[in-house]
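Q: I'd like to learn how to read a few features of a protein model. Could you walk me through them with the structure in view?

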Amino acid sequence: MSGERSNRVIAADFNARHTTRPPISHATVSKLLAKFRKTGSVLDLPKCGRMKSVTNEETSVAVLASFSKSPQRSTRRMSLESGISRTSLWRILATHKWHPYKLQLLQHLNEDDPDRRTESAEWAKQKLEQDPQFTQKILFSDEANFYVNGEVNKQNHRYWSDTNPHWIDPSKTVGTIYGVVYGVQR
């Protein structure tokens, strides 16, 4: 194909004619000739494997329809079911301004709740009067929610929507444990 000229001569000739471009090596010429002999073109073949982006219109419509039908579905489960990466799912949802909204639990107040709050405040005041450093010895921990049906955690539960649904679930019977630990500092 290259006639009588070697790959080194062709590379040198190309570099002399195109001084403004980065120089090519004889190995580059050899690879281009081999590609041309094999495929009839010097263009790169399409890459095999997963597509770089599946965020086309058809896929976006399918993803949004799926989340509209089941807004509580997790992106992890959707990714496994559809074969679309979680990153692509997030990209589609973000492009269409969908957000993961968190469930707000509605906790019913009992009649004796104000009395228990008052008792707790009086207990803290009494401890503070006994020991002025009492506030330095308290460790407040996070709260834990538990449900009669066995559910424990709402942290990973999301509702996907393009508008805030102000989703409150009053059907769950909620009990809350607040952790307060105090002890002697050393």
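Q: Which residues in α1 meet residues in α2?
A: In this predicted model, Asn7, Arg8, Ile10 and Ala11 in α1 meet His26, Val29, Ser30 and Leu33 in α2. The residues of this contact of α1 with α2 divide into four nonpolar, three polar and one charged.

Q: How do I describe two packed helices?
A: You give the angle between their axes and the distance between the axes. Here, helix α1 (residues 7-17) packs against helix α2 (residues 26-39) at an angle of about 110°, and their axes are 8 Å apart. Angles of 65 to 115 degrees count as roughly perpendicular, so α1 is roughly perpendicular to α2.

Q: And what describes a pair of aromatic rings?
A: Look at the distance of the centres and the angle of the planes. There are three aromatic pairs by this rule. One of them is tilted: Phe67 and Trp160, at 5.7 Å centre to centre with 50° between the planes. This pair links distant parts of the chain, with Phe67 in helix α3 and Trp160 in strand β5, 93 residues apart.

Q: Is Trp160 buried or exposed?
A: Trp160 has a relative accessible area of 4%, and buried means under 20%, so Trp160 is buried. Trp160 also pairs edge-to-face with Trp90, at 5.0 Å centre to centre and 75° between the planes. Trp90 sits in helix α5, 70 residues apart from Trp160, and counts as partly exposed at 41% relative accessibility.

Q: Which residues form one aromatic cluster?
A: Phe67, Trp90 and Trp160 do.

Methods: Residues are numbered from 1 along each chain as its sequence is written. This is a predicted model: local features need pLDDT of at least 70, side-chain atom pairs count only at pLDDT 80 or more; totals for chains, interfaces and linings use all residues. Side-chain values use heavy atoms; hydrogens and water are left out. Axes are lines fitted to C-alpha atoms, for helices over the stretch in contact, and angles run from 0 to 180 degrees between N-to-C directions. Helices (H or I, at least four residues) and strands (E, at least two) are DSSP runs, numbered from the N terminus. Angles under 35 degrees count as roughly parallel, over 145 as roughly antiparallel, 65 to 115 as roughly perpendicular and the rest as oblique. Contact means heavy atoms within 4.5 Å. Ala, Val, Leu, Ile, Met, Phe, Trp, Tyr, Cys and Pro count as nonpolar, Asp, Glu, Lys and Arg as charged, and the others, Gly among them, as polar. Rings of Phe, Tyr and Trp (its six-membered ring) pair if their centres lie within 6.5 Å; planes under 30 degrees apart count as stacked, over 60 as edge-to-face and the rest as tilted. Buried means under 20% relative accessible area, exposed over 50%, partly exposed in between (1.4 Å probe, protein chains only).
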